[in-house]
Amino acid sequence: MKNEKKSERRLAYILVAPSLLLILAVAIWPVIQSFYFSLFDYRLNNPAKSSLHLDYSLNLERYLESYPFLMSTLKQEMTQATGEEKEQLTSLQEQLQQVDEEIRADKEVAKRYEQVDEILNNFEVPSEEIKIVPIDEQAAEDLIKTINDTKQTLKSLNENGQLKQGDKLTGLANGLSGAVIEPNFVGLAHYKNYFTDARLWKALWNTTVFTVISVSIELVLGLAIALLINKAFFGRGLVRATILIPWAIPTAVSALMWKFLYDGQNGIVAKYFADIGIINNMSELLTTGTGAMFAVIFSDVWKTTPYMALLLLAGLQTIPSSLYEAASIDGATKWQQFVKITLPLLKSSILVALLFRTLDAFRVFDLIFVLTGGGPANSTETISILAYKVMFSQTNFGGGSALAVIVFICVAIISTIYIKFLGADLISDRK
Amino acid sequence: MQKKAGPLFYVFLFVFVFLVMFPFLWILLSSIKPLSELFGEEAFNWFTSHPTLKSYVSVFVNYPFLKYLWNSTVIATITTVYTVFVAAFAAYAIARLDFKGKSVILGIVLSVSMFPQIATISPIYMFVKKFGLTNSYLGLIIPYTTFALPLSIWLLVTFFRKIPFDLEEAAKMDGATPLQTYFKVILPLAVPGIFTTSILVFIAAWNEFLFALTINTAENYKTVPVGIAMFQGQYTIPWGEISAATVIVTIPLVIMVLLFQRRIVSGLTSGSVKE
């Protein structure tokens with residue numbers, strides 16, 4: 001018997017393993033990585049910042065494409081120079097030689113140095129792994145300083161017309177300065193910046209307004225509809241199917257549909273709203289901040305209230321009708337029945353529906369992206385939209401990841417609060 | 001509270017259904033209007049006197065709409081088949097077998113299904129870019145696992161739990177191993193649940209927007225939601241074509257919902273209602 005238990009347990013772990021590994025690889029690991037990205041100044045459009053560097057490193061390919069030629073050109077220049085110039089040039093050459101030796105003092109760097117040099121001499125292209133070598137911080141700082149000095153001196157000499165091959169020399173010196181890769185680790189700087197950035201707070205506020213208002217309306221309306229249709233009637237299946245359609249259609253497509261209906265010139269819904277006086281004129285819906293927020297919330301309510309009603313209806317149907325019969329025999333009014341029987345027994349259904357809806361609303365993206373794009377003037381920009389814009393329009397993956405982590409933390413806090421209320425009900429074995 | 005419905009109730013019902021369906025109705029009516037009647041004074045007329053199918057033709061002629069439909073179908077189908085297959089094993093173990101750490105695993109599954117997509121997008125984008133998977137089917141199928149797999153496991157666990165436990169006991173008595181029990185006893189009974197799960201996962205994958213928007217940007221690899229959303233040009237929005245395209249994607253959905261509404265509802269509510 002014991003053996004059987006053991007083998008059952010082993011089988012269970014084997015069956016669960018593939019799913020768990022997949023979830024770990026495609027969901028949990030990326031979230032951890034997002035957090036890691038958010039600690040760097042990580043920009044895809046900037047070659048020096050398009051990967052993550054904790055330490056200083058040297059691009060040997062660029063270095064060796066400039067350094068030897070800079071040295072030889074300097075030497076030629078020195079033989080033709082006199083007096084003060086000659087002294088300056090000599091000192092530059094000595095300094096450069098010195099830092100070059102300092103870099104090569106590290107055995108690993110020296111080895112790679114030779115390797116890349118040979119590859120370049122054969123007119124081949126070194127691979128990414130070979131050409132980028134981490135270097136000592138002190139050496140890196142000395143190198144940067146020397147390169148800057150060199151650039152400065154050569155520039156002023158060149159401007160005074162004291163150099164024969166001035167442009168070539170300054171060009172080589174510039175090439176050299178691109179070889180040092182500085183660490184782009186910024187720690188929590190992104191978070192610090194964003195927490196003092198009015199745009200983030202505005203986005204958080206917009207997200208909260210959208211979430212709280214739309215979810216409350218959906219709950220009240222959904223509950224009302226569920227109570228009303230919780231009876232036997234003709235055409236029940238048809239009604240159920242109709243209310244599933246808004247839920248099933250892609251959000252992006254429904255958002256576009258609403259954009260057409262809200263249109264300031266030709267939108268039928270905008271016209272009706274203006275006719276009955278909800279708005280002053282048709283264009284108000286998509287061109288004013290309040291109008292746009294209203295439009296977004298209205299579309300969301302249209303799309304998800306039916307879903308909410310279905311969830312609550314399913315909950316209502318599990319309440320035994322004998323309870324209501326007993327209550328009415330005891331003389332309880334409809335309202336009393338609702339408050340004393342329906343609400344308490346529906347509590348866990350309501351909380352589960354609220355949990356899923358709140359989280360969905362908080363991470364809203366498709367609806368707003370297509371309907372308003374976050375506008376006008378960022379008045380409907382939610383935190384997910386802001387994060388998307390920072391990442392893909394500004395190609396600032398570090399800052400965008402920091403915003404994404406903020407969304408993640410908010411979602412985690414919201415779920416913790418709900419789960420506190422729900423208890424372990426949600427995941428318990430219902431044997 | 002099973003009461004008979006009065007006539008007033010049917011009036012309410014009609015109004016409710018009409019309001020819910022109004023946007024679709026309007027889009028349907030607009031899709032057969034000639035271009036000139038979509039704007040200006042005539043824009044608010046319910047019925048056009050010159051119905052035309054021009055917008056429908058344009059959707060297929062001027063846009064690679066058929067390609068969008070094909071891309072979405074392939075991506076959503078493969079995502080559904082593979083995640084439901086993998087999830088079925090895990091769900092069986094969680095629902096029917098006795099082992100430690102069960103609720104922790106289910107807790108992980110549930111929390112992952114609540115992850116905001118935006119929190120995973122940057123590493124996933126870098127990953128697919130690094131492996132050259134942008135603008136490919138695989139480039140979306142892999143990221144879609146993030147929501148499809150937890151959803152499948154979650155739904156399947158609730159379905160597996162509903163199958164009577166006596167059956168397993170009986171199979172065990174007859175000397176069947178757990179794996180035999182799974183394939184011979186549980187799986188045949190779980191077919192309806194697996195089917196329901198597949199419908200819901202398919203809809204979720206079909207509707208996904210953010211990953212599709214960022215990863216498959218080439219015309220030839222766009223999915224339906226992104227394709228339609230990108231119909232809008234810089235300055236003009238082709239409402240006629242958009243209406244027609246919306247009708248085209250909504251019709252199969254309506255048929256599916258009519259056919260499977262019972263299953264869809266049972267799937268949607270299975271995690272939230274205690275029975």
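1. Which order do the three strands of the open sheet in chain A have? The order is S2-S1-S3 (chain A), and the pairing is antiparallel; strands pair if DSSP finds at least two bridges between them. Helices (H or I, at least four residues) and strands (E, at least two) are DSSP runs, numbered from the N terminus.

2. This is a predicted model, in which local features need pLDDT of at least 70, side-chain atom pairs count only at pLDDT 80 or more, and totals for chains, interfaces and linings use all residues. Residues are numbered from 1 along each chain as its sequence is written, chains are lettered from A and ligands numbered from 1 in the order in which they are written, and side-chain values use heavy atoms, with hydrogens and water left out.

3. Strand S2 (132-134) and strand S3 (180-181) of chain A are the edge strands, each pairing on one side only. Strand S1 (residues 57-59) of chain A is joined to S3(A) by two bridges in the antiparallel sense. Ser57(A) has Ile181(A) as its bridge partner in S3(A).

4. Helix H2 (residues 60-80) of chain A lies across S1 and S2 of chain A and runs at about 60° to S1(A). Axes are lines fitted to C-alpha atoms, for helices over the stretch in contact (heavy atoms within 4.5 Å), and angles run from 0 to 180 degrees between N-to-C directions.

5. UniProt (unreviewed entry) places a "coiled-coil region" at residues 75-116 of chain A; such annotations may be inferred rather than shown by experiment. That span, residues 75-116, is 90% helix and 0% strand, with its end C-alpha atoms 24 Å apart.

6. Chain A is divided into domain 1 (57-181) and domain 2 (192-426), with bounds from an automatic or database domain assignment. Their C-alpha centres lie 61 Å apart.
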